[in-house]
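Q: I am new to this structure. Please take a close look at a single part of it, and then show me how that part sits in its surroundings.

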Amino acid sequence: MKRSTLNRREMLAGVAGVAALGGGVLEVRNSETTREHAGSRIEMVVPAAAGGGFDSVARQAQHALGENGLVRTVEVVNLPGGGGTVGLSHMSRQHGRSDVLMIMGTSILGGIRITGSPTTLADITPLAKLAEDYVVVAVRADSPVRSFDQLADRWRSDPRRITVAGGAVGTADHLTAALALQRLGADPADLNYIVYSGDGEVLTALLSHTADVAVSSLNGFAAQIEVGEVRALAVSSAHRLPGVDVPTIRESGLDLDLANWRGLAAAPGLTDGQRRTLEDLVRDLVETPEWGHSLRRFGWKDTFSTGAEFADFLAEEDRRLAGIIKGLGLS
Amino acid sequence: MTTAEPLRREQAPGERAPSDPTGPGPRRIRSALAVPAVTAVVALLLLSGGALMRVPKASGFLGPQFFPLTVGALLMLTALVSATWALRRGSARIGRGGAGGGRDTAETPSPRGDWRTLTTMAATLLAHLALLQPLGWLLSGTLLFWGISYALDRRRPLFDLCVAAALAGVVQLVFSGLLEVALPAGLLGKVL
Amino acid sequence: MDSLSLLLSGFADALTPANLMWCLAGVVLGTAVGVLPGLGSSMAVALLLPLTFLLEPTAAFIMFAGIYYGGQFGGATTSILLNTPGQSSSIVTAFEGHAMARSGRASQALAAAVVGSFVGGIVATTVVAFFAQRMVAFALGFGPAEYFALAMLAFVSTAAVVTASPLRGIVALGIGIAISVVGIDDQSGAVRMTLGVSHLLDGIGIVVVTVGLLAVGEVLYQGFRPDGGAPVQAIATGTPWLSRGDLRRSWLPWMRGTALGLPFGVIPAGGAEIPTFLSYGVEKALARRRGNSEFGRGAIEGVAGPEAANNATTATAMIPLLGLGLPTSATAAVMLAAFQQYGMQPGPLLFENEGDLVWALLASMFLGTVLLLLINLPFAPLWARLLRLPRRHLYAGLLVFATVGVYSTKGSIFDVGLLYAVGALGLFMRRYDVPVAPVLIGVILGPLAEGELRRAMAAGQGDLTVLVDSGIAVGIYAILAVVAAAFAVKRIRERAERSPSRKAEVGSG
């Protein structure tokens, strides 16, 4: 009796084993063939915490790609830390994978230079520049500081007394703060800068009285500026931004403007074909109405470029940032 | 794995000592010193890592080396204190120090370890690790399941193999097919 | 009362048969993903998020709430049955829950977890619905000094309450912190403790450490010590429901857990782990005081309290998300993205601009919690039957799922190797009676303690008094002092009692 039930169970297990293994084999074949055609699934790496500037770019791209059927599934993965170099080092190990993209930009270039990261842009495949954003210098609404000039006076006389919160080292936030202090004639080494890994955390640090001043991406603060909880003192653009009633840092007589551009990078070791497919995908992305809508809503300036044009820009930008960081004595 | 795998192999001969019936005194002492020894190794790693760290210039008020150094020093202190206690108290109270976190509190460790089972398990894990990429999930996953169940109970290897294949197949279907998590295809991916 | 009518209209939006179906589907799918070891609620949400894009906003959020609660419960299920938490917030559930499962009370543990989640979820959602905007102010009371104090409180109570031997607790905590230090430093970008291995640059993941120590370590230990595995087969007979005695023992922990969890969700970066550990510590200390502690052998209080705390925290995490636009957890980040995709910007203006949708969302959180209870309570005994599998298959399957779970989070074989190495560490710790829980606390809270200490010192430019400059921080340190003092008194008393006869030691769980 017992013997026979055992045998039946064994047979059942055998049949199930063969069936499931067969199904698995079919699935392997299936997924291998679909993986050949990039576009069924993309993993988008964000080298910063959720809820910041880089993160919004990824989530908006995710939406635009999914909504238009350009990619079936887009998964956003946040890997904050180390001025973006944590995400970068992860990306550098995805050799030959055409289904991974990473958000990159000013901050990554700065992060690599400042941290002396062993992984550099040479270890990934920069693809395209998508848009430009700017840095805002802001204080709490209850702060006695009413304008950038007032901040400049206090800052110059005792830089260590002013606590500044912003994104990781080497980000556009950090560079803007250090440059401003230097242009004011103080030693940028005296900058009292507290590092956070996302715009949301920077905002909390400001509102919770941890920091006196915040430097962060403009759109992350937009809602608080609108309701009057936060006072925007200046933005880092060269000219006043359309629809934004905030003066530029230049208007206070400082020789300083810094664009916080955002772009996309792919994994290293791609074939030319894979690279072209991904570039086409990005080109399709920026033409979707959803992407255009996101640009308007977040106040991003459309500066799409790819290929050789982007490569030239990147080389020039890297040289410029390296010079700035060296001038600040941070490299 | 390069960091902790050697640790495990070094442990093996050291751990064997308690199960050998070579007299209670020295064996108990050695067993009592295992934890302080590992603690000291971790502390040394933290201290040397902190001391030799390349620190970027823009690293804030307390640099990145402060925390590892502090924790390393505290751990070293703990290792020294517990080693002295263990030596001074001799063999009497060892093994009853008390587990925590709610596990198996009342039990004392059993005197003998089953080294045969453990070796089979370790071999299975290492083989799985080495074969996952070249053979793909379906085959190496089958091996993983079969190896572990064989290690625990050797009576019905064929039945276990069927279950193993079934589970590996189901996992492939669920993860790769439904959840779109790419599992290594390996050999099969190339053949098909 | 205005809020009440708004909430009712939210229910009117949410309570359509179609929406209920979506919520149901969400709960089922979420549970299904959540029970895969290593994949907890945040993975469930991330993996199933694309499904919700197909729906209109209200239905999407309702399904979303279902997936989330389902995943949460799924993670608790694997904690209890397999000792493998799906997410860091259900680590504590594994301690007593798995002990209960080994002694044949798996379905009671599951039921205590479900009801605990329900109680915590309902109370917390009510708080969110009626006090969200006011509680934002409380969240803003927390700066670096307060977070650091909080981490210290968690460290000390671990060493004092959760473990029986403080020295071993400190050792384990130190190992955990050492693991958390590996990789690129968050703030400065310095490379730390990687020993030249480039794969370690992004650090050792919490999932790897948790699954490695608890699941892989357990399997190896069972193989190493065959006599220890026998109880697993003695499985849930008798009533599958909570008995009257169970209820009497559980209801207070549910309430206390909820009360502990509520404030933690509100403070950004608090996370759900601290309240679960604190709740566990509180229940354990109280049980010991009552003198009939079952802790270590499967105390239902140790499941009921932390699970209620966990869900209370995750529900109140909606407060900083809605009120400040600040995601405090991976799941909240996904929610933030979902909001943005429907064109809403969480923040101070959300309630004014998108009131209808927010209230529908809150209503759907209530629905999700209720459905979770209704669907999963009957399933608890069914899940518990999983333990009737032959022991070798149970453990082999556990390793298979642990491997796949870890592999799928990053697609890295190196991580699988790391998982096995951590498993070896788990075996070593079990063999030498070093508690595992403090390692996990160190891994999770080590970075918080370090990061906030460095921020506080930077803000104060080296002035140590910034650490005790606020009422909240001083309050936390006062609690810490009480805990430490109580513990010291207890140790001294125990030592005095023990000196005549050493036998008494076994009794103290």
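A: Start with C:Ser41. This residue is buried, because its relative accessible area is 4%, under the 20% cut-off. The model is a predicted one.

Where is this serine placed? C:Ser41 belongs to helix 3 of chain C, which covers residues 41-52. Now look along the chain to C:Gly70. C:Ser41 and C:Gly70 are 29 residues apart in sequence. Their C-alpha atoms are separated by 7.4 Å.

Step back to the whole chain. Chain C has 509 residues, and 68% of them are buried. C:Ser41 is one of the buried residues. Another is C:Cys23, with a relative accessible area of 0%. The secondary structure of chain C consists of 20 helices and 2 strands. The accessible surface of chain C is about 15,800 Å². Carbon and sulfur atoms account for 67% of that surface.

Next, see how two helices of this chain meet. Helix 6 of chain C spans residues 106-139, and helix 12 of chain C spans residues 301-316. Their axes lie 7 Å apart, and the packing angle is about 30°. The crossing of helix 6 and helix 12 of chain C is right-handed. On the helix 6 side, the residues in contact include C:Ala109, C:Ala113, C:Gly116, C:Gly120 and C:Val128. On the helix 12 side, they include C:Val303, C:Glu307, C:Asn311 and C:Thr316. By kind, the residues of this contact divide into 10 nonpolar, 7 polar and 1 charged.

A:Asn260 is buried, because its relative accessible area is 2%, under the 20% cut-off. Leaving out residues up to four places away in sequence, A:Asn260 touches A:Thr106, A:Ser107, A:Ala131, A:Glu132, A:Asp133 and A:Ala172.

The cysteines raise one last point. How many disulfides are found over all chains? A search of the whole structure finds 0.

Methods:
Residues are numbered from 1 along each chain as its sequence is written. Chains are lettered from A and ligands numbered from 1 in the order in which they are written. This is a predicted model: local features need pLDDT of at least 70, side-chain atom pairs count only at pLDDT 80 or more; totals for chains, interfaces and linings use all residues. Side-chain values use heavy atoms; hydrogens and water are left out. Helices (H or I, at least four residues) and strands (E, at least two) are DSSP runs, numbered from the N terminus. Buried means under 20% relative accessible area, exposed over 50%, partly exposed in between (1.4 Å probe, protein chains only). Accessible areas come from the Shrake-Rupley method with a 1.4 Å probe; for residues, only the protein chains shown count as cover. Contact means heavy atoms within 4.5 Å. Axes are lines fitted to C-alpha atoms, for helices over the stretch in contact, and angles run from 0 to 180 degrees between N-to-C directions. A crossing is left-handed if the near helix is turned anticlockwise from the far one by less than a right angle, and right-handed if clockwise. Ala, Val, Leu, Ile, Met, Phe, Trp, Tyr, Cys and Pro count as nonpolar, Asp, Glu, Lys and Arg as charged, and the others, Gly among them, as polar. A disulfide is a pair of cysteine sulfur atoms within 2.5 Å.
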